[in-house]
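Biologist: I would like to learn how to read a protein model. Can you take me through some features, one by one?
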Amino acid sequence: MGNRYTFIMASFLVISSMLSAQDKNKDVFIEGLMEQMTLEEKIGQVSLFTTDWESTGPTIRDTYKKDIASGQCGALFNAHTVPFTRELQKIAVEETRLKIPLLFGYDVIHGYRTIFPIPLAESCSWDLDLIEETARIAAKEASSAGLHWTFAPMVDISRDPRWGRVMEGAGEDTWLGSRIAEARVKGFQGPDRIGQTDAVVSCLKHFVGYGASTAGRDYHYTEISALTMHELYLPPFKAGLDAGALTVMTAFNDINGMPATAHKPLLNDLLKQTWGFKGFVVTDYTSINELVEHGIAADERDAARMSLNAGVDMDMQGGLFQAHLANLIESKENTLDQLDDAVKRILSIKYDLGLFEDPYKFSDQTRYDSIILHTAHRKVAREMAQKSFVLLKNEHQLLPLSKENDQVILLGPLLDTQVDLMGAWSAAGEGEDCISIQKGIDDYLGGNKSLKVKKIGAFDNSMLSEDQINQALELASDTDIVILTMGENRDMSGEAASRANPVIPPSQTQLLSALKSKDKKVVVLLMNGRPLIMTEVDSLADAIIEMWWPGVEAGPAIAEVLYGDVNPSGKLTMTFPRSVGQIPIYYNERNTGRPHIPGIKWNTQFIDESNDPLYPFGYGLSYTSFDYDNLNVSCNPCLLEEPITVSVNLSNTGLYKGREVVQLYIRDKHGKTTRPAKELRGFETVELNPDETVMVKFELNKSDFLHLDMELREVFQAGDFEIMVGGHSQDVLSVNIVIEN
Ligand code: BGC
């Protein structure tokens with residue numbers, strides 16, 4: 001401690017004099033510091049650059065060390081580990097005039113070194129406490145490696161599985177997405193934990209509407225009506241801010257003719273003025289530069305001008321604030337006040353983190369060594385993987401398997417992969433930390449050497465040769481049950497991984513089909529980052545477990561589920577389409593003036609495909625069965641200002657203990673704007689033993705029944721409402737009530 005104090009005193013002559021009275025308030029400190037800053041030093045604070053450690057975008061500058069030393073860079077990303085962050089921080093605090101510490105950011109999306117299931121998977125657990133816990137562990141690990149700031153959570157709602165980034169989000173529902181945004185922000189940073197060495201600043205991204213890219217093609221144009229923007233895309237950001245998120249990242253997309261990074265009405269007027277956001281806005285990777293390609297800025301200088309004007313505070317990797325702000329301010333095209341406001345917001349977060357007191361406080365090798373990939377973290381990773389698995393099919397109760405009686409063989413392309421299990425955005429995760437499916441099952445069966453295994457099937461559009469199929473069939477000839485891994489490798493979902501045809505690769509389906517032609521019972525273990533189109537697989541397989549990309553504990557997690565130690569309970573948070581033509585597809589659609597009635601021509605339908613998804617939102621089976629009964633609402637008519645209690649009896653009618661996610665939907669039958677035919681407004685998770693029955697209760701309040709009118713005001717329309725409770729969005733009990741003002 002003594003040494004550290006001496007060191008800090010030596011390194012921070014300017015700052016430490018201002019800090020001498022420890023309790024001087026932040027504003028005084030920051031103002032004092034800003035008075036000493038030159039224009040160039042201020043511009044340095046609003047410039048964020050990547051190191052050459054990792055490539056998360058198209059351009060890599062190799063000047064970052066020089067930029068730090070010359071005070072032209074206030075924050076870095078893609079820099080982590082204790083030695084590296086210390087090395088870079090040392091340049092900032094020893095070689096620059098004002099010794100302002102750097103802020104280190106990184107994409108810690110689903111774990112730092114202990115990689116948890118991808119965020120879409122985690123959302124299928126519907127376990128907000130556990131989601132908060134995985135974010136908390138990610139924050140602990142990341143902060144020990146010197147990181148202060150994570151570029152997460154991604155709170156983009158998306159209804160399009162062609163978009164590869166759905167894997168980073170919480171699915172298609174705004175209400176659930178908002179609850180998950182809150183949980184993740186709490187896990188990363190709060191409430192009130194900023195400044196502690198085990199919390200990191202979170203960043204809500206991508207503001208806003210990125211999930212609406214036309215045809216799911218990444219970075220593509222978005223056409224979003226004002227109503228949809230406010231109803232569907234904005235609320236998870238508001239929820240995350242209310243939970244304390246301190247930064248927001250702009251999106252790449254163009255919204256109705258104005259790219260998000262230059263969108264003054266959304267950034268400055270809504271986010272900063274109306275919502276009162278006090279943190280800072282960072283762009284996405286070179287998205288200021290991209291304003292030129294978008295055709296909205298005349299040149300790069302103009303792009304810098306537009307984005308500062310719009311409310312951007314920090315330029316990620318573009319170098320355009322660095323190159324042009326001085327000149328823009330001199331020529332009065334931007335104001336010094338705008339820059340000062342941005343700098344203050346950034347310094348304020350550095351101050352809250354405690355970096356002016358000790359710029360190295362997060363880079364702590366002892367803490368790093370004691371927690372990284374800790375057994376307790378792996379345990380949470382396993383639990384989260386198991387809760388996020390969704391049992392999509394289980395014909396004749398094939399699952400769970402019996403360890404004693406069932407002979408199995410393992411086939412498929414993802415059997416022994418380790419790296420793919422992490423999915424995209426795996427931060428400091430290492431493939432070697434991940435336990436493969438093969439190893440997990442093998443270990444579970446006690447290192448059963450007779451387990452037959454063959455890696456077969458591809459991720460492209462190829463088909464299997466006759467030889468490969470024969471080999472697989474030969475191997476399976478004296479075994480009844482095949483466990484078949486299928487799906488995507490980790491490059492097939494994520495950023496810049498849109499798929500026009502998000503199907504299961506043909507060779508994999510071909511293998512399944514060949515096995516079924518020999519009457520094998522096939523359990524499909526699906527690994528992927530998005531809903532896939534898999535109608536044929538659904539019709540062929542006997543059982544299907546959607547595992548998503550489950551993270552480090554994939555193997556043991558699935559073994560325990562396959563053999564019944566753990567009963568799956570995940571429920572889908574994104575609809576699975578039957579065919580590409582149904583996309584965008586989502587449960588909370590509006591009714592249309594001609595709702596679908598089978599067999600009648602003049603209504604809303606396809607002539608070549610059903611309207612129904614393959615698996616609806618909220619869907620997921622269990623080894624046991626649940627029965628819903630006796631749905632009751634505490635009043636009718638009800639009064640808006642008084643809480644409404646909804647209850648339902650839930651019984652476990654099967655043979656296994658199980659966890660059920662009980663979902664509550666409402667329908668507002670008559671609004672100031674048209675309302676979706678179903679909107680999620682609550683859920684409860686309940687664990688029940690066989691033959692056990694419980695009454696599950698929900699309380700609904702005024703806010704659950706408000707909606708937006710054409711002027712985007714929150715309004716209530718008295719009248720008829722439908723209250724629905726059930727096990728998924730297409731399987732509900734329902735009661736009609738009247739709510740009066
Ligand atoms: C992504 C962001 C990410 C950033 C930094 C961009 O390409 O869109 O989500 O945070 O890179 O890695």
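Biologist: How much space lies in the largest cavity?

Modeller: Keep in mind that this is a predicted model. A cavity is a space where a probe fits but cannot get out. Here the largest cavity holds about 120 Å³ of space. The structure has two cavities of 30 Å³ or more.

Biologist: Which residues are closest to the centre of the largest cavity?

Modeller: Ile109, His110, Glu122, Arg184 and Phe188 are closest, out of 17 lining residues. By class, the lining has 11 nonpolar, three polar and three charged residues.

Biologist: Which helix gives the most to that lining?

Modeller: H8 does, with four residues. Helix H7 (119-123), helix H8 (128-144) and helix H9 (174-189) each supply at least two.

Biologist: What is the volume of the second largest cavity, and what lines it?

Modeller: Its volume is about 90 Å³. The lining has 14 residues, and Asp107, Asp284, Tyr285, Trp425 and Glu495 lie nearest the centre. Seven lining residues are nonpolar, two are polar and five are charged.

Biologist: Now the helices. At what angle do H14 and H15 cross?

Modeller: Angles from 65 to 115 degrees count as roughly perpendicular. The axes of H14 (residues 300-310) and H15 (residues 320-330) cross at roughly 80 degrees and come within 9 Å. The two helices are therefore roughly perpendicular to each other. Among the residues in contact are Arg301, Ala304 and Leu308 of H14, and Phe321, His324 and Leu328 of H15. The contact residues divide into seven nonpolar, three polar and three charged.

Biologist: What should I look for in the backbone?

Modeller: Look for exceptions. Most residues other than glycine have a negative phi, and most peptide bonds are trans.

Biologist: Which peptide bond has omega near 0 degrees?

Modeller: The one from phenylalanine 207 to valine 208, which is cis. Valine 208 sits in the loop between strand E5 (203-207) and helix H10 (226-233). The bond from asparagine 636 to proline 637 is also cis, with omega near 5 degrees. Proline 637 is in the loop between strands E17 (626-633) and E18 (638-639).

Biologist: What is the phi of threonine 286?

Modeller: About 55 degrees, a positive value, although threonine 286 is not a glycine. This residue lies in the loop between strand E9 (280-282) and helix H13 (290-294).

Biologist: Is threonine 286 buried or exposed?

Modeller: Buried means under 20% relative accessible area. Threonine 286 is at 7%, so it counts as buried. Tryptophan 548 also has a positive phi, near 55 degrees. At 1% relative accessibility, tryptophan 548 counts as buried too.

Terms used. Residues numbered from 1 in each chain as written. Predicted model: local features only at pLDDT ≥ 70, side-chain atom pairs only at ≥ 80, totals over all residues. Heavy atoms only, no water. Axes fitted to C-alpha atoms, helices over the stretch in contact; angles between N-to-C directions. Parallel < 35°, antiparallel > 145°, perpendicular 65-115°, else oblique. Contact = heavy atoms within 4.5 Å. Nonpolar A, V, L, I, M, F, W, Y, C, P; charged D, E, K, R; others polar. 1 Å grid on protein atoms, 1.4 Å probe; cavity = no way out; pocket = protein on both sides within 12 Å on 5 of 7 lines; lining within 4 Å. Points joined across faces, edges and corners; volume = space filled by probe spheres on them. Buried < 20%, exposed > 50% of the residue type's maximum accessible area, 1.4 Å probe, protein only.
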